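Me: I am new to reading protein models. Can we go through this one in short steps?

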Amino acid sequence: MILIVALASMGGLALLAPLIERRLGRNTGYVIAAGFVAVAVLLGTAAPEALAARAVTASWPWMPQLGVAFTLRLDGLTALFCLLVLGVGALIMAYCPRYLPPGGSHGFLYFLLTLFGAAMLGLVLAGDLVLLVVFWELTTVVSFLLIGTRGRAAPAVRALLVTGIGGLALLAAVVLLAVTAGTTDLGVVLAQRQRVLDSPTAPAIMALLILAAFTKSAQVPFHFWLPGAMVAITPVSAYLHAATMVKAGIYLLLRFSTIYAGVPGWSVTLVTAGLVTALLGAARALREHDLKAMLAHSTVSQLGLLVAAIGVGTTVALAAAILHTFAHALFKATLFMLVGVIDREAGSRDIRELSGLMRVMPATASLTGLAALSLAGVPPLIGFVSKESLFQGFTSAGGLPGSGALAGALAVIASALTFAYGVRIFYGAFAGPTVQRHLFEPRWSFLAPAAIPAVMGMVLGPGVTMLNPLMRKAVLDIEPWGTPPRFAIWHGLSPELLMSTVTIALGVTLFLRRDAVDRLLRRLPPPGGGALFDRLYNGTLRLGAVVGRPDRTGQTWAFLSRPVGGLVLLGAAGVLVPHTLLPPPPADPVDVTLAGLLAVVVAGIVRTRSALAAVALTGLAGLTVSAWFLTAAAGADVALTLLLAEVLTAMVAAFVLRGLPARLPRQGARGTMAAGALAALAGLSAAGGVLTLTGGRDLSPAGRFFLGAAEPETGGRNVVNTILVDFRALDTLGEATVLAGAAAGLLLLLPAPSARRAPPYRLVLGTGHRLLAPVIVILSVYLFLRGHQEPGGGFIAALVAGIGVAFGALTSRRSMADRTRVSTVLLGGGLLLAVAAGLAALSAGRPFLTPLRGAVPVPPLGSLGLSSSMVFDLGVYLLVLGLMATAVNRLVSGEEAVG
């Protein structure tokens with residue numbers, strides 16, 4: 001229960017952030033920071049059990065038909081990442097009040113930052129693979145919004161698309177894992193290592209997991225998106241791209257090392273890509289002059305070292321990766337926050353414009369020096385301990401002869417470059433003559449959030465043994481068969497100590513020869529990953545413009561020809577597939593009569609040039625098909641829905657006919673022949689499809705199930721309605737949400753004009769509307785209430801009510817703004833009711849949207865039966881009615897504008 005309370009608290013805190021900001025302004029960050037600490041303390045109460053024994057889990061049914069549960073899981077590895085998410089998050093939130101400008105509106109930023117923290121917490125706590133994907137994608141979306149907070153769309157879109165590719169890869173990997181292991185429970189999947197490795201899908205799963213992690217953690221060739229994302233404000237960069245989001249890929253690789261550690265393909269890919277990324281990122285950082293750009297490329301480099309260590313796969317290397325993940329979060333969050341301080345105080349981040357700030361900002365200089373030295377791997381800071389551990393891990397790499405020595409040498413080179421730019425960060429800003437003497441030290445409330453991790457890095461270097469219990473349990477959660485090493489600042493004379501010495505010596509040399517190094521680096525061609533991605537992206541947009549050009553011609557045939565042609569091709573392909581055509585049932589005289597009538601009506605539609613006659617004949621065709629549904633026993637619900645749709649079509653025609661010419665334009669003979677041939681082929685394809693898929697076949701097993709289970713399980717005799725609101729309510733909710741989105745698009749993209757005119761026909765229809773409106777309302781309510789037992793239900797009832805809305809819009813004098821408010825209330829209320837019906841099932845301990853039935857006492861009448869299905873159906877009713885009202889409102893606007 002503690003896990004769900006912690007996660008729910010983070011979600012609640014995100015929702016409350018804008019409300020708190022209205023009262024406290026930018027100081028809201030202090031309240032949210034306290035909330036992060038409180039959630040960390042809450043999880044800390046479960047941590048001892050997770051560290052001492054098996055993982056702490058909590059699970060609730062979610063999609064039982066698929067075997068998917070809402071499972072949260074806390075073990076040693078999860079506890080480490082929870083500590084990073086909440087600890088660094090609390091520091092960043094406490095940093096925001098002094099960083100953000102006073103007087104502005106920061107509620108949305110605080111909401112997004114807190115929501116991101118909740119998403120990351122959910123990601124690392126996820127004990128089910130499907131839940132892992134959900135939170136993974138949520139971090140992608142929220143990070144896109146955060147990167148774009150400054151209005152720079154291109155870097156945000158680039159980050160979204162690259163990490164979105166990884167999200168799709170992770171989804172595919174989860175599907176394959178679920179099929180292979182027979183479950184989506186993460187703990188069970190990880191326990192079936194040999195079963196997964198023996199499966200033919202094992203290489204594909206491995207490749208997909210690597211792709212997902214590489215996109216999220218900015219590994220070659222996807223490294224280019226991270227430096228571009230630094231256009232976000234400093235708190236966003238510090239939280240997302242130094243301590244948390246980019247670590248999601250590291251977490252994924254660590255978690256699935258339980259299965260793939262030691263597999264040659266896994267090891268070679270991770271070690272190679274990781275070391276290349278480390279070298280490339282470090283070299284790019286060394287050639288930068290902007291402090292934030294240095295840190296961006298530095299993050300790419302450090303992530304590369306982590307990925308390479310995970311690829312080595314030995315217990316020593318995995319332990320080193322875990323410790324360096326923790327150390328990196330400390331010194332990189334500090335550096336990002338202090339760069340934000342420098343930028344705020346000095347007005348620049350370019351080391352060519354900064355000099356001698358140590359004399360005017362000594363505290364800032366000291367804290368920056370601590371973090372930079374930890375980044376450089378200088379003793380006795382924690383960065384030195386973690387870097388030595390990485391060296392020890394790289395030298396233990398197996399596989400090919402000499403692979404350990406080669407990996408170690410490349411790691412030393414990357415670390416020497418890291419030392420050089422780490423020293424340059426400090427020297428460039430704080431050493432030399434002071435050129436901005438008017439500056440002064442910022443208040444400690446601004447420095448304290450950065451000072452805490454800097455001091456921790458200094459204390460935990462000599463005191464790294466305090467981290468051994470957590471690190472040991474995290475390693476055992478990955479490799480239960482391993483023997484984790486114990487970290488200490490001094491291991492005596494060892495190869496890794498020699499490697500550290502060489503690193504520092506090379507780093508000092510690179511720094512002292514920085515002018516020559518700069519000239520050399522400037523000669524190297526810049527990596528073209530970002531430019532290549534932009535070319536591909538822009539090329540895709542141009543291709544889309546070419547493909548969509550026919551749809552923008554204003555000609556109906558231009559965009560109808562392709563889907564109809566696709567139907568013909570699909571039908572032709574179906575003919576080529578071997579199948580057995582079952583004979584249709586014997587023709588009924590009524591069917592023949594209706595088919596003949598329909599053919600005459602269609603011929604009339606083709607021949608007429610009158611717009612009014614074409615609309616009337618199209619409605620007659622729909623009425624004929626409705627009657628055919630009834631005679632063919634297709635169900636009164638289907639026939640009634642089509643009938644109402646035809647009535648609404650006639651209502652819509654009343655709005656749009658004024659804007660059309662009375663006579664339709666004459667078409668050329670060539671176009672008429674082509675359209676006729678295409679229509680005939682489409683008709684034949686549809687007929688063939690009906691014969692292939694139905695014919696004289698018996699009722700399907702699904703059909704028999706619904707017919708037999710509808711009344712016993714739902715209490716309803718109308719099978720169509722029970723499928724919509726009981727058996728497949730989640731599908732209906734998704735479709736209803738799409739309706740709400742379409743209506744929202746109409747409201748936002750097509751604003752109604754304020755001017756109004758009253759065409760004469762409204763006076764004629766006014767009397768009819770006053771007489772029919774009560775009848776329409778009563779009929780709508782009647783159809784809604786009987787829907788579970790007889791033809792009707794929320795969708796059909798809403799269509800009836802929509803006819804009333806359209807009729808009323810033809811005669812009403814209400815303002816557009818009033819009608820827009822009504823539409824918004826209907827849409828919002830409908831969506832809330834539909835979701836509330838699903839949450840009611842969760843509160844009762846049942847899966848989401850499971851129908852609940854009960855009786856409500858009504859003293860004069862006894863008791864009234866009520867079910868969550870009726871509440872859900874009412875939500876659908878309001879959503880459909882809201883969409884109808886919105887569409888009619890916009891049609892009236894357009895008709896008035898034409899008039």
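Reply: Start with a definition: helices (H or I, at least four residues) and strands (E, at least two) are DSSP runs, numbered from the N terminus. This is a predicted model, where local features need pLDDT of at least 70, side-chain atom pairs count only at pLDDT 80 or more, and totals for chains, interfaces and linings use all residues. Residues are numbered from 1 along each chain as its sequence is written, and side-chain values use heavy atoms, with hydrogens and water left out.

Me: Which helix holds both F108 and F111?

Reply: The two residues are three apart, about one turn of the helix. Both lie within residues 107-125. That is helix α4.

Me: Is F108 buried or exposed?

Reply: Buried means under 20% relative accessible area, exposed over 50%, and partly exposed in between (1.4 Å probe, protein chains only). F108 has 51% relative accessibility, so the residue counts as exposed.

Me: Which charged end sits over the ring of Y99?

Reply: A charge sits over a ring if NZ of Lys or CZ of Arg is within 6 Å of the ring centre and within 35 degrees of the ring normal. Ring pairs link Y99 with Y95 and F446 into a cluster. The charged end over the Y99 ring is 4.1 Å from its centre, and belongs to R344.

Me: Which side chain does the side chain of S500 contact?

Reply: S500 is found in helix α21 (residues 495-512). S500 has a relative accessible area of 5%, so the residue is buried. A polar contact is a pair of N or O atoms within 3.5 Å; within protein, one must be able to donate a hydrogen and the other to accept it, and residues adjacent in sequence count only if both atoms are side-chain atoms. At 3.3 Å, the partner is the side chain of E388.

Me: How far apart in space are M361 and F430?

Reply: M361 is found in the loop between α15 (315-346) and α16 (362-376). M361 is buried, with a relative accessible area of 0%. M361 and F430 are 69 residues apart in sequence, yet C-alpha to C-alpha the distance is 8.4 Å.

Me: What is omega for the cis peptide bond of V220 and P221?

Reply: P221 lies in the loop between α9 (202-216) and α10. That loop also holds A218, whose phi is positive, near 55°, in a residue other than glycine. The cis bond joins V220 and P221, with omega about 10°.

Me: And what is omega for the cis peptide bond of P379 and P380?

Reply: P380 lies in the loop between α16 and α17 (382-395). The cis bond joins P379 and P380, and omega is about 5°.

Technical notes: Phe/Tyr/Trp six-rings, centres within 6.5 Å; stacked < 30°, edge-to-face > 60°.
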